[in-house]
Amino acid sequence: MSTHITGRLTRRSFVNSVGTALGGAGALLAGGLPISIANSAVTKTPFGIAVELEPFRNDPEYRKALTKYADILVPMNALKWASLRHNRHEFDFNGADEIIEFAKLHGKSVRGHALLWYAYNPKWVEAISSAKQAEKLLVEHIEQVVDRYRGVIPSWDVVNEVVAHDPLSQGNWRKGIWLDLLGRKHVEIAFKAAARTDPNAQLVINDYDLANFGRRFDARRDAILAIVRNLQDQNIPVHGVGLQAHLYAERETDADGLALFVKKLTSLGVKLLVTELDVIDWRLARDPKRRDLAVARTASEFLAALYSAGDVESITCWGITDKYSWITDVFKRKDGAPNRPLPLDRNYQPKPLFHTIEKYRNLG
Ligand code: G3I
C-alpha cells in the first residue's frame, strides 16, 4: 500500500546508531563519503549485499546472513521507480525504510540503487511524452528521494545502464524513456540534481559488461569513460564507476583491458566499486563441486585484474545465497540443476566464491 511520507531519517540518528553498534567507531566519514566500516581495526575492502524484500521479510536465515556478512546493504529493488512510484503523487518508501532501519540497527552502511534506469519504470512514467514533463519529474524524483536519505545513504547509483548494450551497432546511448525525451543530457540532469540535493553523497555511474574481451566490451568501457569526462568537463560531480560484474563463467576476462580502464578512471579521480557481483553458471558442467570452483575462478580473474590496477572501494554481491537470485529466473540451466551464482549455497554455507572474495578483500 502506498504511503506518502514526508519526514527524513536524520544523519545524526543514523551515525549514532551505527556508532553504537560498532562500539563508537562510526560508519560514515564526517564528509559523508562512504567508507562503510572505516575504523582502524578493519582494513578489508567493505562487503555489500543487495537485499531482496521477500526473503528479507520472510526468511530469518537470510537476515542472519545479512547481519553476519555485510558491511553495506543495498536495497535490490525497493528504491527503483516501480517500487517507489505507484502513482504520480505519492512515494512508497516502506520497503526501502525497512531495509535501512535494519541497516541502522546492525551497524551497516547503505548504498542507493538507482535514481535513473531505462527499465523497471511504472507504466505512468513510460506514458510521459514531453521533454519538459520528463525533466520536471526526474528532477523532483531525485530531489525527494536523495533528500529523504541525506546523510543516511552516502552513496548512490545515480544512473544505471545508460550505455547501450552494443555501442558498436546501437551508438553509445541506451534507448528508453529518458534518452528519447531528454537526449544524452538526461545523465547530466540526474547527476546535477543528486549533487545539489546531497553535496556530500558519492555519485556513481553503474553499468554491466565491462570486464571481458572483445570490441563490444572495449566500446562499453570507452562509452563510460566518455560520459565521466563529459560530466567532469562541465564540472558536474561524478565520484565513482560501478562495475556491476554479472560475470558469465564462459567468457574470458580481459585483464589488460580492465586494468587499463581502472587506471584511466583512477587518473580521472574516480573511484571504482564492484556493485552487483555474481557469476552466471548456466553453461558450466553440472557437477556442483566443479561448478563452484569454476564460478570462483571467474570471479578471481575479474578481481585480480581490478586489484592489480587500483583500489576497489567496495565489493557488493547481488544477493548472498543461491536460494535467492535473479540468475535462477533469467539464466536457467538446460539440465534443470539449480544455479549456484552467489557466495553462500542454499543452506547458507560458504562456497569457494565466498573464500575468493575474502581473499581479495584482505588485500584492502
Ligand atoms: O515482489 C514481487 C512478488 O511479490 C511477486 O510474487 C513476483 C512475481 O513475479 O514478482 C516480484 O517482483 C519481482 C522483483 O524482482 C522481486 O523479486 C519483479 O517481478 C521483478 O521484475 C524484479 O526483478 C528485479 C530486476 O532487477 C528488475 O527490477 C530483480 O530482482 C533484480 O535482481 C534486478 O536487478 C538488476 C539491477 O537492478 C541492475 N542490473 C541488473 C540486475 C539484474 O537484472
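## A tour from the cavities to the strands

The structure holds 4 cavities of 30 Å³ or more. A cavity here is a set of points, on a 1 Å grid over the protein atoms alone, where a 1.4 Å probe fits but cannot get out; lining residues have an atom within 4 Å of a point. Points are joined across faces, edges and corners, and a volume is the space filled by probe spheres set on them.

Before you click further, note that this is a predicted model, in which local features need pLDDT of at least 70 and side-chain atom pairs count only at pLDDT 80 or more, while totals for chains, interfaces and linings use all residues. Residues are numbered from 1 along each chain as its sequence is written, and side-chain values use heavy atoms, with hydrogens and water left out.

**Stop 1: the largest cavity.** Select D209, L210, A211, A245 and L247, which are the closest to its centre of the 13 lining residues. The space inside is about 70 Å³. Strand β7 (residues 246-248) gives the largest share of the lining, 3 residues. Strands (E, at least two residues) and helices (H or I, at least four) are DSSP runs, numbered from the N terminus. By class, the lining has 7 nonpolar, 3 polar and 3 charged residues. Nonpolar covers Ala, Val, Leu, Ile, Met, Phe, Trp, Tyr, Cys and Pro; charged covers Asp, Glu, Lys and Arg; the others, Gly among them, are polar.

**Stop 2: the second largest cavity.** Here there is about 60 Å³ of space. Colour its lining, which includes W117, Y118, E161, R174, W178 and H186. Both β3 (109-117) and α9 (177-182) supply at least two lining residues each.

**Stop 3: the nonpolar core.** Next, show Y149, W156, W178, F191, I205, F302 and L306, the residues with the most contacts inside the largest nonpolar core, which has 102 residues. Helix α13 gives the most to this core, 9 residues. Such a core is a set of buried Ala, Val, Leu, Ile, Met, Phe, Trp, Tyr and Cys residues joined through side-chain atoms within 4.5 Å. Buried means under 20% relative accessible area, exposed over 50%, and partly exposed in between (1.4 Å probe, protein chains only). Zoom in on F302: leaving out residues up to four places away in sequence, F302 touches A211, L243, A245, L247, T253, L258 and V274. A contact means heavy atoms within 4.5 Å.

**Stop 4: strand β1 (47-51).** All 5 of the 5 residues of β1 are buried, so the strand is largely enclosed by the rest of the structure. F47, I49 and V51 point one way, and G48 and A50 the other. Two strands pair if DSSP finds at least two bridges between them. β1 runs parallel to β9, joined by 3 bridges, with F47 opposite I315. β1 also pairs in the parallel sense with strand β2 (residues 72-75) over 4 bridges, and there A50 stands opposite V74.

**Stop 5: helix α15 (residues 352-361).** Why is α15 largely enclosed by the rest of the structure? It is because 7 of its 10 residues are buried. Select L353, F354, T356, I357, E358, Y360 and R361 to see the buried ones. Their cover includes β1, α3 (60-69), β8 (271-280), α13 (288-309) and β9 (314-317).

**Last stop: D97.** Look for D97 in helix α5 (residues 94-105). D97 counts as buried because its relative accessibility is 12%. The C-alpha atoms of D97 and A78 are separated by 8.8 Å, and these residues lie 19 residues apart along the chain.

Conventions:
On a 1 Å grid over the protein atoms alone, a cavity is a set of points where a 1.4 Å probe fits but cannot get out, and a pocket is an open set with protein on both sides within 12 Å along at least five of seven lines; lining residues have an atom within 4 Å of a point.
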